[in-house]
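This report looks at a few local features of one protein model.

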Amino acid sequence: MSIIQIIESIITGIVAGFICGLTGMGGGTIYVPVFYFLLSFSIKEAIGTSLLVIVFSSISAFLAHMREGQVNFRIAGFLIVAGIIGAQIGSSITSILPDIAVKIFFICITIFLSINMWRERNTGVEGNGTNFTMFPIRFILIGLAAGIASGMGGVGGAIILVPLLHMWVGIPMNICIGTTLPVVMFNSLSGVIGYFYRGLVHIQIGIITGVVAVFAALAGTKVSMRTDNKRLRKIFSIVLLIAGMAILVGR
């Protein structure tokens with residue numbers, strides 16, 4: 001591992017870790033393009049290493065949001081169980097797909113969700129995230145979808161979880177973000193195990209980037225707690241679109 005790679009890993013950890021804390025995303029939409037373009041990993045190696053980093057950054061952001069009471073553990077429980085299963089399915093699918101198919105999947109999912117998050121929707125729900133109906137079946141389906149996306153796309157699953165929880169169930173954005181983080185953590189851990197056994201994880205770079213991301217995520221979390229729901233939606237949408245377009249025009 002060269003000095004340049006170490007510097008690139010540190011910068012990546014700072015930027016993506018901050019975004020993780022700010023939006024609840026694991027940072028995979030940043031890590032995957034960076035590992036793919038700057039470090040010249042294959043798309044599958046970029047995904048596997050991204051998942052390792054996300055484990056670090058999501059833990060840090062989750063603890064910060066939990067202290068502020070922005071985590072609904074009942075919902076998170078449904079999502080975690082379904083997500084772990086989905087992540088293994090996703091990593092197994094990716095291991096047998098050609099790289100171009102994985103790239104297309106990553107592009108489509110980020111652009112589609114970016115557009116939907118940008119559009120204004122009146123969910124009729126505000127406050128602390130307790131005034132909505134529990135939908136266990138919906139949570140299980142959302143968790144499975146996010147887990148599969150995590151395993152296939154190298155993301156923590158928040159790009160699925162946050163939009164669906166907000167638009168389909170009507171949970172406020174700040175609670176969506178906090179509740180998503182423990183799910184992201186478990187999805188990523190489950191997925192990275194699958195990639196590790198297939199030799200698709202760069203351990204050293206993943207650890208360096210992840211440690212830096214832990215501290216950056218704390219800063220992002222502080223900003224998130226002072227940002228209103230509408231603005232968070234816009235930020236989340238823009239990050240998704242940039243990530244999708246970066247892979248689209250890349251090598």
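The side chain of Gln70 makes a polar contact with the side chain of His65, at 3.0 Å. A polar contact is a pair of N or O atoms within 3.5 Å; within protein, one must be able to donate a hydrogen and the other to accept it, and residues adjacent in sequence count only if both atoms are side-chain atoms. The model is predicted: local features need pLDDT of at least 70, side-chain atom pairs count only at pLDDT 80 or more, and totals for chains, interfaces and linings use all residues. Residues are numbered from 1 along each chain as its sequence is written, and side-chain values use heavy atoms, with hydrogens and water left out.

Beyond its neighbours within four places in sequence, Gln70 is in contact (heavy atoms within 4.5 Å) with residues including His65, Asn174 and Met225.

The structure holds 6 aromatic pairs (ring centres of Phe, Tyr or the six-membered ring of Trp within 6.5 Å). Tyr31 and Phe35 form a stacked pair (planes under 30 degrees apart), with 6.2 Å centre to centre and 15° between the planes. Tyr31 and Phe35 are both buried.

In helix H7 (residues 158-169), 9 of the 12 residues are buried, so this helix is largely enclosed by the rest of the structure. Just after H7, Gly170 has a positive phi of about 90°.

Definitions and conventions:
Phe/Tyr/Trp six-rings, centres within 6.5 Å; stacked < 30°, edge-to-face > 60°. Buried < 20%, exposed > 50% of the residue type's maximum accessible area, 1.4 Å probe, protein only. Helix = DSSP H or I, 4+ residues; strand = E, 2+ residues; numbered from the N terminus.
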